[in-house]
Amino acid sequence: MTNKASMKRAEDFVEFLNASPTPFHAVRSAKLRLEKAGFKQIKERDNWTPSLTPGGKYYLTRNASTVVAFAIGQAWKPGNPVAMVGAHTDSPCLRIKPVSKRSGDGFLQVGVEVYGGGMWHTWFDRDLGAAGRVMVKTQGGGMEQKLVRISRPICRIPNLAVHFGGSVPFEFNKETQLFPILGLVSAELNRTGKTAEESSKETSEAEKEAGFNPLRTPTQRHHPYLIQLIADEAGCKPEEILDFELVLYDTQAACIGGLNNEFVFSARLDNLGMTYCAVEGIIQSLSSPSALKDDSTIRLIACFDHEEIGSESAQGADSNMLPSVIRRLSCLPSSADSSEKSYDKVNGNSDDNATAYEQTLATSLLVSADMAHSINPNYSAKYESNHSPRMNEGTVIKINANVRYATNSPGIVLLQECARRAKASSYQPPGTKTSSGGVPLQLLVVRNDMPCGSTIGPMLSASLGVRTIDVGNPQLAMHSIRETAGCYDVEHGVNLFESFFEHYGEMEGKVVVD
């Protein structure tokens, strides 16, 4: 019999997944949760000195697809540690091309570009909607972004029937055979009540009337009815759409499944699974009104875009975002200091705090949180026998001798102590004692004859010089359009991060390696 209490986290996680078909939507979902928990929005372009105070909770975004949130302990002093959890908001997907209008053999099709290293064969024969960001012209002549989501299935990539040899072996060209079908030319002509000749003539006349444009308009570059659907979702007219960044996504909702409801079936588990745990972990760590009273650290989460394509962007983990945030926070005065005496309001520093940034980095810890691989029973020979994580048996510590993961033994020791002190999850693996609390952990090392992925951990560890450990909840079919994870690992991950934020300040000085 399923324990209802143990399912609450998984059910909430499913809601988060279903609300987050793109990084833009994931950041919005995170913002709503943070604001409900009392976090206030700040902006990078503003001076933080007047508004940031010990005991405060704040968040900021970049490009609407990366979010950083932090809470300042009331015992904070310049140069003190920052307890950080880093994750990413993006997943492999198909993005609609800037000129997407295609047709052939009586079909309307949409041109797409692959994003990341997806298992693209899993995208065939799926019901696909579209979601993302639209830039819209405002009445005052300005431009604003709006998030849109076409929830109904508007397109599909059809497989080649087995009778044509389409399944042995399953091979396809990503440029010529990965075009989703939007509909039939005949159905679109019936909708408009025009013949093909009339439609073509009307389009030519509209282009002439539009006058000069540096680029062809969205209605000219994409199927007009697709633009109409996007405009309906954005609450504007088709001619007010200036440009957009839309991706396709599987319209089948995330759900809880398995014989005993032990699994989460969904798209984008990598890495919304750990994004959710990071957001809820910091929120849960602050649930008590006195949570920050004696805390001398800053608790911080950073959920970046573009990890799946290398993180080398303004909103990726390889950007200046996290270093610049830490630099500004490292010099924040303590509650006992007067801003005039210890803080330079113009430059954000003082003589006393000249090395605060370096001191903060030397004492901080980054938990790089990215989903891990569970053992697949149909391919068990692909896994190292002593390092084969299992679902619902705890968050995985990821280790690699060639530093594809940034984990080392001091980090393992420290995180293990956090896990020991963590609040016990409602569900524990068989044989695990729950009376004294704690959440389970697992270890992952890939086989020497298997490739190893990587995370934001090594790049941030190298650029910041900060102690780093790589972790993630176990899942199957990573980068598939439909992945599988353990529903109870969600609570394990949240409780682990809650404990990390609560106890890192105390434990930091006990694990010293110079």
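Modeller: A residue is called buried when its relative accessible area is under 20%, exposed when it is over 50%, and partly exposed in between, using a 1.4 Å probe and protein chains only. This is a predicted model, in which local features need pLDDT of at least 70 and side-chain atom pairs count only at pLDDT 80 or more, while totals for chains, interfaces and linings use all residues. Residues are numbered from 1 along each chain as its sequence is written, and side-chain values use heavy atoms, with hydrogens and water left out.

Salt bridges come first. The term means a side-chain nitrogen of Lys or Arg within 4 Å of a carboxyl oxygen of Asp or Glu. The structure holds 20 of them. One joins Glu280 and Arg33, with 2.9 Å from N to O. This pair links distant parts of the chain, 247 residues apart: Glu280 is in helix H7 (residues 269-285) and Arg33 in helix H2 (residues 23-36). Helices (H or I, at least four residues) and strands (E, at least two) are DSSP runs, numbered from the N terminus. Both Glu280 and Arg33 are buried.

Another salt bridge connects Arg221 with Asp243, and their closest N and O atoms are 3.7 Å apart. Arg221 belongs to helix H5 (residues 218-221) and Asp243 to strand S10 (residues 241-250), so this contact ties together parts that are 22 residues apart in sequence. Arg221 counts as buried because its relative accessibility is 9%, whereas Asp243, at 37%, counts as partly exposed.

Lys423 and Glu498 also form a salt bridge, at 3.6 Å from N to O. Lys423 sits in the loop between helix H11 (409-421) and strand S17 (441-444), and Glu498 sits in helix H13 (residues 489-507), so the pair ties together parts 75 residues apart in sequence. Here Lys423 is partly exposed, at 46% relative accessibility, and Glu498 is buried, at 5%. Elsewhere, salt bridges that share partners join Glu417, Arg420, Arg421, Glu506 and Lys510 into one network.

Disulfides are the other topic. A disulfide is a covalent bond between the sulfur atoms of two cysteines. The rule used here asks for a pair of cysteine sulfur atoms within 2.5 Å, and by this rule the count is zero. For Cys93, the closest cysteine sulfur is in Cys155, 13 Å away, so the distance is too far for a bond. Cys93 is buried, with a relative accessible area of 11%. For Cys418, the closest cysteine sulfur belongs to Cys277, and at 15 Å that is also too far for a bond. Cys418 counts as buried, at 0% relative accessibility.
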